[in-house]
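Reader: I would like to learn how to read salt bridges in a model. Please start with the general idea and then go to the case at hand.

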Amino acid sequence: MKALTQCWFTRMHVPEGRAQREDDGSHTGWCRHCERPIVSWDKARWFLADGFNVTHLAETVGGRFLFVVDIAEEAMIARYPVQDLPDEAAIEALKADLRERHGIGQPGCALELHDSGASPSARRKDAARRARRSPPTARASRLSASF
């Protein structure tokens, strides 16, 4: 009997070897942990290929939004559509306004701003920025216990 794999716990699949590019622009491969077929559209986030992917459907059909998320309560506070804005500069201006309006980035604030249309590299940069910004006591380490 196989043990539970890393991706079962983290929900993050990692391709083994080189991914194959498909006609629809996606990339397919096999997860190095659970050895199941996986698919990605941005080569940053991988999903199981043998099923219905709600995340990809929402990203391709729903349009682009900015989300204000409360990470402590794991709840979405607000959603702002940006498809009517003329360019990226206007979107960045709206992001700055939302950060100020909701107090995002202030000490003790548990809110984060997420962009559904951000590129994979922008998502990684945002995640790194949030990790640096949060105080060490808020970040969990592998030795910390949750109470």
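Author: Side chains of opposite charge can pair when their charged atoms come close. In this predicted model, the count of salt bridges is 7.

Reader: Which parts of the chain does the pair Asp 115 and Arg 64 tie together?

Author: The two side chains form a salt bridge with an N to O distance of 2.6 Å. Asp 115 belongs to strand β7 (residues 111–115), while Arg 64 sits in the loop between α2 (54–61) and β5 (65–70), so the contact ties together parts 51 residues apart in sequence.

Reader: Are Asp 115 and Arg 64 buried or exposed?

Author: Both Asp 115 and Arg 64 are buried. For Asp 115 the relative accessible area is 10%, and the cut-off for buried is under 20%.

Reader: How far apart in the chain are Asp 115 and Lys 95?

Author: Their side chains form a salt bridge, 3.0 Å from N to O. This pair links distant parts of the chain, strand β7 for Asp 115 and helix α3 for Lys 95, 20 residues apart.

Reader: Which residues do salt bridges with shared partners join into one network?

Author: The network consists of Arg 64, Glu 88, Glu 92, Lys 95 and Asp 115.

Key:
Residues are numbered from 1 along each chain as its sequence is written. This is a predicted model: local features need pLDDT of at least 70, side-chain atom pairs count only at pLDDT 80 or more; totals for chains, interfaces and linings use all residues. Side-chain values use heavy atoms; hydrogens and water are left out. A salt bridge is a side-chain nitrogen of Lys or Arg within 4 Å of a carboxyl oxygen of Asp or Glu. Helices (H or I, at least four residues) and strands (E, at least two) are DSSP runs, numbered from the N terminus. Buried means under 20% relative accessible area, exposed over 50%, partly exposed in between (1.4 Å probe, protein chains only).
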